[in-house]
Amino acid sequence: MAMNGLIKMAATALLLVLAVVPAAIAVTFTVGDASQWTTGVNYKDWVTGKTFRVGDTLEFKYGPSHSVDVVDKAGYDGCDSSSATENHSGGDTKIELKTVGEKYYICPTFGHCGNGMKLTVTVEAASSGTPGAPTPPSSTPGTPSTPDSPPAAGTPATPTPASRSTPPPPRPSGASKGLVSYVMVGVSMVLGYGLWM
């Protein structure tokens, strides 16, 4: 009987891992959040504070007068979809971010892109460690100097604390909701296991 309990516990642990791991790997961003993909939204502001990684998905939700074209920088800058690499319509488009770099999206409906219905995102490599972990600054050893005397010739100046600034940590995005839902599924599974025993 002990073996049967171990098998059930191992199966539950595997299901829990399978439920939580995808949420830690990829995030789905609804473009424009509650405003969605439409005119009158400042998508430059929407992108601020969000980190897009390979494997994440952009979900465009829009009405029948809109669509989504994937373009290059020239198409984005000039609101020209004639050389679009992808054209999407239908009201709900999910685009997986597959490569690192700048990605450009516009609404090809006449006048919409020119009025701000365009989006650019910078895609980073998939996270392999703790997100937002700062890298330690590299330091070049030099001759210390006092504030009243300049550094010796050929010796770099030692930075003062005021000249060292650490960028603020990125603001959390609404994308963590996906992780919460996967955790809730996992907790439900564990509680169900407890009732199953």
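Me: Let's start with β4. Which way do β4 and β7 pair, parallel or antiparallel?

Reply: Strand β4, residues 68–71, pairs with β7 in the antiparallel sense, over three bridges. Strands here are DSSP runs of E with at least two residues, helices are runs of H or I with at least four, and both are numbered from the N terminus. Two strands count as paired if DSSP finds at least two bridges between them.

Me: And what stands opposite valine 70?

Reply: That's tyrosine 105, in β7.

Me: Before I go on, what kind of model is this, and how is it numbered?

Reply: It's a predicted model, with residues numbered from 1 along each chain as its sequence is written; local features need pLDDT of at least 70, and side-chain atom pairs count only at pLDDT 80 or more. Totals for chains, interfaces and linings use all residues, while side-chain values use heavy atoms, with hydrogens and water left out.

Me: OK, back to strands. What's the order in the five-stranded sheet?

Reply: The order is β2-β8-β7-β4-β5, in an open sheet with mixed pairing.

Me: What does β3 pair with?

Reply: Strand β3, residues 57–61, is joined to β6 by five bridges, and the two run antiparallel. In that pairing, leucine 58 stands opposite isoleucine 95 of β6.

Me: Which residues of β6 are on its covered face?

Reply: Thr93 and Ile95. The uncovered face of β6 (residues 92–96) has Asp92, Lys94 and Glu96. As background, side chains in a regular strand alternate between the two faces of the sheet.

Me: What does leucine 58 touch?

Reply: Skipping residues up to four places away in sequence, its contacts (heavy atoms within 4.5 Å) include Phe29, Trp46, Ile95, Tyr105 and Val121.

Me: Which residues touch the most other members of the largest nonpolar core?

Reply: Trp37, Leu58, Phe60, Tyr105 and Leu119, out of 21 residues in that core. α2, β3, β4 and β8 each supply at least two of the core's residues. There's also a second, separate core of five residues, including Tyr76 and Tyr104.

Me: What makes something a nonpolar core, and what's "buried"?

Reply: A nonpolar core is a set of buried Ala, Val, Leu, Ile, Met, Phe, Trp, Tyr and Cys residues joined through side-chain atoms within 4.5 Å. Buried means under 20% relative accessible area, exposed means over 50%, and partly exposed is in between, using a 1.4 Å probe and protein chains only.

Me: How much of the chain is buried?

Reply: Buried residues make up 24% of the chain's 197 residues.

Me: New topic. How many disulfides are there?

Reply: A search of the whole structure finds one (sulfur atoms of two cysteines within 2.5 Å). Cysteine 79 and cysteine 113 form it, with their sulfur atoms 2.1 Å apart. The torsion about the S-S bond of cysteine 79 and cysteine 113 is about -70°, so this disulfide is left-handed.

Me: Where do the two cysteines lie?

Reply: Cysteine 79 is in the loop between α3 (73–78) and β5 (86–88), and cysteine 113 is in the loop between β7 (101–106) and β8 (118–124), so the pair ties together parts that are 34 residues apart in sequence. Cysteine 79 is partly exposed at 31% relative accessibility, while cysteine 113 is buried at 4%.

Me: What about cysteine 107?

Reply: Cysteine 107 is in no disulfide, and the nearest cysteine sulfur, that of cysteine 113, is 8.2 Å away. Cysteine 107 is buried, at 1% relative accessibility.

Me: What's the phi of cysteine 79?

Reply: It's positive, about 50°, although cysteine 79 is not a glycine. Most residues other than glycine have a negative phi. Aspartate 33 also has a positive phi of about 50°, and that residue is in the loop between β1 (28–30) and α2 (43–47).

Me: Last one: what is glycine 116 in contact with?

Reply: Leaving aside neighbours within four places in sequence, glycine 116 is in contact with Val41 and Tyr43. The C-alpha atoms of glycine 116 and asparagine 42 are separated by 6.8 Å, though the two are 74 residues apart along the chain.
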